[in-house]
Structure formats: structure tokens, C-alpha cells
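I opened the model to look up its charged pairs and one of its helices. My entries follow in the order I made them.

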Amino acid sequence: MTTLELQQLTIPPGQTLLISGVDWQTFEAILIELGEPHTARIAYDNGILEIITPLPEHEAVKEILSDLLKALLEELDIEFLTLGSTTFKHPDTLKGIEPDQCFYIQNEAAVRGKDRLDLRFDPPPDLAIEIDITSRTHPNTYAALGVPELWRRNQNQLQFNRLIDGHYQEVPESPTFPGLPLQDLLPQYITQSRIQGRNQTLKAFRTWVRAQL
């Protein structure tokens, strides 16, 4: 499939398009053709290209979960950098991914001020978030790129995964925030935001965080 043919495709929200036989050079050309930003999410795994257009529900959950995590980092006075759905790729692994959201936390200083990142030389995000409403998470791709922590949200449940010896293992708490019951707490605040709104929810969450300090 050429980049022109790809541009002419219409993918309904929530639908996934899989294309096999896509070499690395074509993948790179498609990314250039799509430009930044683009609404679709892209994943590439050794010749298989996946393109998905997210649902509004997906984006709403992604935004509030991201806002909650940002508020937590701010209250803990931890520097961080969010890069949203930036494309992360590595030619040696023949893998690439655009997370729903990603955070540089432990390695924030290493990428601070950089306009371009190259995983051949720069560290991957410390934490990536995937909203599995349309089941597009690719843990093997994140693992190959060396992302230490992967959060997956599905059916109002939050799963924390830690990279150990090249594979993800589910853990009961976030390695970045040990001792905080975020697995149960964050889904509750996501639900609360649908009733009380974003601002009231974030105020309540910040109050909770401050009480833990």
C-alpha cells in the first residue's frame, strides 16, 4: 500500500486497519506523510502496520487519567515531561508505537529541552498509558522499546505493568509511586469526573494527595 492509498482510506472511529508487508522504509514514509499531529494512532511490529482512530470515550478517559497523573506529580513536586502520542520507534527492533499518553519522569532531565528524540541515543518514556477500549495495546512493542512502566486501563480497571528482564509483569502498585493505592483510587476519580466534572474531581484528588504527604 502506498502512502497515497493510505491517505485516501477512511477509518471510522473505533475501527482498526491492519496492513501486512510494510517494510521499515515505507513505515517511515507513512509517518512523514501523515505529519504531526494526526488523529489516528499508529503501531508497527516487524512489517505489520496498525492504524486505529480512537473513540471520543477513549480520548475522554485518556485526558482525565493524564490530568490526574499530572496533578499527582505536581503535588509531589516531581519534574516531568508529557509527550502525548509522540511516535517512538527503533529500527533495530523493527517496532514503533504511539502511546495514548507518555511521561518522562526519572529521565526527564535527560530529554529536557530536546525537540527531537531518537531511541537509539535517548531513553524511552518512563511510563506509558494505554486505554484499551479498542484493545490496541502492544506490550511486546513497549517492552522491545524499553519502556519501564506500562499502565493499561480497561473496563474501569487499571493495571500496572513493570518491565522485568525484557517482559512485563503485572504488579499491585505503580513502581513510580510506591505505597499509594492508585490502582483502586484512580478509576474512582475517573468515574467521579463523569458526574462532577473535571475541575471538581482534580481539586478533590489534589486534596487527597496533600493529606498523604
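I began with Glu-59 and Lys-62, which lie three residues apart in helix H3 (residues 56-75) and so are separated by about one helical turn. Helices here are DSSP runs of H or I with at least four residues, strands are E runs of at least two, and both are numbered from the N terminus. This is a predicted model, in which local features need pLDDT of at least 70 and side-chain atom pairs count only at pLDDT 80 or more, while totals for chains, interfaces and linings use all residues. Residues are numbered from 1 along each chain as its sequence is written, and side-chain values use heavy atoms, with hydrogens and water left out.

I noted that Glu-59 and Lys-62 form a salt bridge, with the closest N and O atoms 3.2 Å apart. The term stands for a side-chain nitrogen of Lys or Arg within 4 Å of a carboxyl oxygen of Asp or Glu. Glu-59 is partly exposed at 23% relative accessibility, whereas Lys-62 is buried at 9%. I took buried as under 20% relative accessible area, exposed as over 50% and partly exposed as in between (1.4 Å probe, protein chains only).

Next I looked up Glu-75, which forms a salt bridge with Arg-210; their closest N and O atoms are 2.8 Å apart. This pair links distant parts of the chain, since Glu-75 is in helix H3 and Arg-210 in helix H7 (residues 198-212), 135 residues apart. Glu-75 counts as buried at 17% relative accessibility, and Arg-210 is partly exposed at 49%. I also recorded one network, in which salt bridges that share partners join Arg-41, Glu-59, Lys-62, Glu-63 and Asp-100.

I then searched the whole structure and found 14 salt bridges. One of them pairs Lys-89 with Glu-28, the closest N and O atoms being 3.0 Å apart. Lys-89 sits in strand E5 (residues 88-90) and Glu-28 in helix H2, 61 residues apart, so this pair too links distant parts of the chain. Both ends are partly exposed: Lys-89 has a relative accessible area of 26%, and Glu-28 one of 25%.
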